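Welcome, and thanks for stopping by.

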Protein chains: 2
Amino acid sequence: MSGNPTYAPPPGPPTSCGTCSHLTEGEEGNSDDEAQESHTRLISDVKDYLLTHGHLLKLVRFETPSRVPAVGVNVSCRPTPFPRHLFQRATSLQPAMSELYIRAASDDDWLYSVLRPQIEGEPAGLLASLWDVWVKCREASVVQSVSCAIVRSDYMLHAEAEREAEAELKQVEMNTFSVAGACHAEGVANMHRWLMWKEMAEMGNADTSRSSFQPDRLPSNTNTSAIVSGLSAAHSHYHEQFPTNGPKCILMIVQPFNFNIGDERPLEYGLLACYRCEWREVLSRCSMGSERELFYSRPGDGRGKGSKVFEVSVVYYRAGYDVEEYTEESGGTETRLMLELSRAIKCPDVKMHLIGMKSVQRALAEPGVVARFLPNARRADEVMATFMPMLPLDSSPQGVQARKLAMDTKLAVNYVLKPNLEGGGNNVFREDIPAHLSRIPEENWERYILMRLITPPISAEPGMLLTSQEVYEGPVLSELGVLGFALWRDARQGLTGQDGPVKVEIIKNETLGWTFKTKPIGVDEMSVVKGYGCFDCPLLT
Amino acid sequence: MSGNPTYAPPPGPPTSCGTCSHLTEGEEGNSDDEAQESHTRLISDVKDYLLTHGHLLKLVRFETPSRVPAVGVNVSCRPTPFPRHLFQRATSLQPAMSELYIRAASDDDWLYSVLRPQIEGEPAGLLASLWDVWVKCREASVVQSVSCAIVRSDYMLHAEAEREAEAELKQVEMNTFSVAGACHAEGVANMHRWLMWKEMAEMGNADTSRSSFQPDRLPSNTNTSAIVSGLSAAHSHYHEQFPTNGPKCILMIVQPFNFNIGDERPLEYGLLACYRCEWREVLSRCSMGSERELFYSRPGDGRGKGSKVFEVSVVYYRAGYDVEEYTEESGGTETRLMLELSRAIKCPDVKMHLIGMKSVQRALAEPGVVARFLPNARRADEVMATFMPMLPLDSSPQGVQARKLAMDTKLAVNYVLKPNLEGGGNNVFREDIPAHLSRIPEENWERYILMRLITPPISAEPGMLLTSQEVYEGPVLSELGVLGFALWRDARQGLTGQDGPVKVEIIKNETLGWTFKTKPIGVDEMSVVKGYGCFDCPLLT
């Protein structure tokens, strides 16, 4: 039996749906009541699904010693239409997209030529620190030529004059470091499958049990097990390289107070030997062996069980990307250097981190660059076709031209200004660009790139989103992220930068899965954690 | 990448474990640090496990249209020792225990004789209302002779002089209506298996993958699928009885604003056709057919999809037990009567609800009663051996004796006073009994029973509990609940009470699984929702 003195219901009618009156306006009678009831029920189904499946964000501010409250992630209540052929193109393109970034990251000279203005422009900045970590690794000679990465390429639909029929796939950005969202994306895809199954069962049209229900219009999603397989493959590869008897583990480097634990823990649950180590604890918990083995010391329990030392096979970064993590007091640069110098396989290594900068994305879009790194001409063309025009804001002739464009309010409306150091949340849009730039010394403009705005077609069907603020009903836009995993060997072991042409042996390169996020139209950023974007599932059309 | 403006971490060191200083007192040096670190890590592992697996309670008071916060259920961080042979005895005893209650509930004369003082003493009370529902059903003649039930028999260890070696199994109570806790119990059992696997893997002793890890000392738990199977069997049985073509469904009758959704939704997810209907909506959503079929009308979506009518195969009650649900305004009695009169299989029917009263538990403990209902003498003895002495507080000679005992502070210390209308939260313990009774008119004393207190042996190993208030470390006590499912036919179809001997055909009767709750010693109540008891897993010894 239950009974609840602590969390009593609020008096009066249910609070759900009090603010979402869209459906009750301008409609009458029974269908109006039904619509409202069906709406309330759908929201309740969605809220409870997230809660009972752990797709939540911790409210870390309210954590007590024994408890931590949490709320569901932002979510779309209905799957959002997306063209099937473009979904398929994006997923099949992923190995080529990953390969482009892997080969470009291995070309030291090219990479340095792209990053140099920012490194020299801000010698104490994060980018310069990361480059310096790489230079030190190179100087110490590289003891682990194998790297792996989990990447995510984000796309939106783009249509000139917003005509849906002619929509193309355009890349928003490429994420190469500490990629998040995979676990929630899978959970929300499962939720939409459940909701559709329920709907069909209700209408008497479900001819299968729920577990075998795989509707053609909702693509399957097995992100979590796919990432677990990728990391396990890297772990096994390390063990083949160094078949020592001692215990080995994957080390997940994490941020403290992480509210997004629901996107990390499921990977740990799936892995055989994976321990979490906070970024700030790395220097005290880890040490380097005589052959640059990375050892992780797992403390005992103070009750008889002693501490235990593991050799780290794979360093899996879910931390180490915030500027604050690299301040002098934090010891962040030292932390990063230790991890990178070690012979553990990094997921990913520092160069794969550096290649995620917006200035690299821009440089890759220059004519001839993709073809240089991707031997297959057809694949190179397909990758290139997803790029929007991008301009540097540096002192090159192209850059000078772009600066004029950016300061012209009439022309700037077609652009987004992106800071070089990874996107999301700090972008400046359209007519805000000139005012923003005028507040910054001109010598710092080269820390930004200018990207032509993607103009997605407007879907005819309104969306229904549960955000942290409201139940939104109205037009929506979606972003498809394609997850890839790769494991490769840089064949120039001990390379110095003067070793000649790039030589990369790709051991594994596959599409892992996908994420799909939807936001209200008129909101520029897709960030889920900032409350705009919502996890969703494509309804293939 | 992540980044969190809304839920920023609190400044300063982590708040976890700020209040639990047990381990840092009186210990020094490295092992102290290790103990503290291992302790912090265990709590973090447990909190995150609950969160990522949905073992949460909704904070319904803070629900907004788009969100609902939740917190983990109370939980024990380590499994608590429990004697293997008593665990096995309790689970193997369950079919006999269920059979006792089923046969007793079917004996109208006996049941009325037990409940009569309370019915007559409080003619407007819930018990009298429920009996009246049954009388009306009988008068209308019963159209569904088959019933089913999910029951839970709760036990504690009892040892005279608290000697563990001689511990016996004693029944605390039998829950026959709207039994909760099964899903959380399964999740917490899985959590303890994961924690043990992790511990063993760390020490290099896990020779199996996590999914096939089934340690001998932690009993397996498949409560959710077992309940789903039970309800599905009842659904199939109904379909065999009435093989009509129209769609059929299981109707889960639920309370509004239920914070404990994590214990209901998983059952719905597992069932083929199960809809939730709030208690207060039953009269508007349901109707009765010409052959007393119960029809449930599922509303359309107001956007073209019309409403759909289902014939209800099984009424599964997760509501309908609170006095407030039966007030005149609530229409609760009418609701209950409609459901009970229908030809749907009730899980459970009103007599199985009535048999859960404490006065029945007491009456069953009287000499000869168990033997009367249980034909197998050995099973009857085993069941009887789990009963603590119980006394009525009525006007019988035994009751008069018990009244004296209850008012004697010295003698009352060995007793608990339980209100007849199901326990949990309203019990009065030991020396508080005389004062409590003296505030109640003597003619109302018969609404209580007096039960000899179970005195469990004190475990040598301290427990570690996360309750809503604190991290508790210290001595603990556990309660084992054994879940049973039964499906039976009352062979006296259309019975009037004068039809002679009880004739029950038991179709299915099995042990479903178990729950296990642990509380700090010194706390009398085991209620999880009130913040005392914690879900746990037995460590079989």
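The face of α14(A) turned away from its buried side carries three exposed residues, P397(A), Q401(A) and K404(A). Please keep in mind that this is a predicted model.

- Helix α14 of chain A spans residues 397-407, and its buried residues are G399(A), A402(A), R403(A), L405(A) and A406(A).
- What do the buried residues of α14(A) pack against? Their partners are the strands β13 (390-392), β14 (415-419) and β16 (448-452), together with the helices α15 (409-412) and α16 (432-438), all of chain A.
- The helix α14(A) lies across β13, β14 and β16 of chain A, and runs at about 105° to β13(A).

*The four-stranded sheet of chain A*

- Chain A has an open sheet of four strands in the order β13-β16-β14-β15, with antiparallel pairing.
- The strands β13 and β15 (428-429) of chain A stand at the edges with a single partner strand each, so one side of each is left without a neighbour in the sheet.
- Within this sheet, β14(A) and β16(A) run antiparallel and are joined by five bridges.

*Strand β11 and its neighbours in chain A*

- Is strand β11 (residues 308-318) of chain A mostly covered or mostly exposed? It is mostly covered, with nine of its eleven residues buried.
- Strand β7 (residues 248-254) of chain A runs parallel to β11(A), and seven bridges join the two. In this pairing, K248(A) stands opposite E311(A) in β11(A).
- Strand β10 (residues 294-298) of chain A pairs with β11(A) in the antiparallel sense, over four bridges. Here the bridge partner of Y296(A) is F310(A) in β11(A).
- Strand β12 (residues 345-347) of chain A runs parallel to β11(A), with three bridges between them. Y316(A) stands opposite C347(A) in β12(A).
- As background, strands of a sheet pair through backbone hydrogen bonds, either parallel or antiparallel.
- An unreviewed UniProt entry lists residues 248-354 of chain A as "domain: Glutathione synthase substrate-binding". Over residues 248-354 the chain is 23% helix and 32% strand, and the end C-alpha atoms are 28 Å apart.

*Chain A as a whole, and helix α6*

- Chain A contains 16 helices and 22 strands.
- Of the 541 residues in chain A, 61% are buried.
- Among contacts in chain A between residues at least 6 apart in sequence, 72% join residues at least 24 apart.
- Helix α6 (residues 223-241) of chain A has 19 residues and reaches 27 Å from its first C-alpha to its last, close to the 27 Å expected at 1.5 Å a residue.
- The buried residues of α6(A) include N223(A), I227(A), L231(A), A234(A) and Y238(A).

*The four-stranded sheet of chain B*

- Chain B also has an open sheet of four strands, ordered β13-β16-β14-β15, with antiparallel pairing. Its edge strands are β13 (390-392) and β15 (428-429) of chain B, each of which pairs on one side only.
- Strands β14 (residues 415-419) and β16 (residues 448-452) of chain B pair in the antiparallel sense over five bridges. The bridge partner of V416(B) is M451(B) in β16(B).
- Helix α14 (residues 397-406) of chain B lies across β13, β14 and β16 of chain B, running at about 105° to β13(B).

- L487(B) lies in strand β19 (residues 476-490) of chain B, and is buried at a relative accessible area of 3%.
- Leaving aside neighbours within four places in sequence, L487(B) is in contact with residues including V146(B), C148(B), H237(B) and I507(B).
- D48(B) lies in helix α1 (residues 29-53) of chain B, and counts as buried at 1% relative accessibility.
- Which residues does D48(B) touch, not counting those up to four places away in sequence? They are K58(A), I261(A), R265(A) and Y269(A).

How values were computed. Residues numbered from 1 in each chain as written. Chains lettered and ligands numbered in written order. Predicted model: local features only at pLDDT ≥ 70, side-chain atom pairs only at ≥ 80, totals over all residues. Heavy atoms only, no water. UniProt positions renumbered as here; feature names shortened; annotations may be inferred. Buried < 20%, exposed > 50% of the residue type's maximum accessible area, 1.4 Å probe, protein only. Contact = heavy atoms within 4.5 Å. Pairing = 2+ DSSP bridges. Axes fitted to C-alpha atoms, helices over the stretch in contact; angles between N-to-C directions. Expected span 1.5 Å × (residues − 1).
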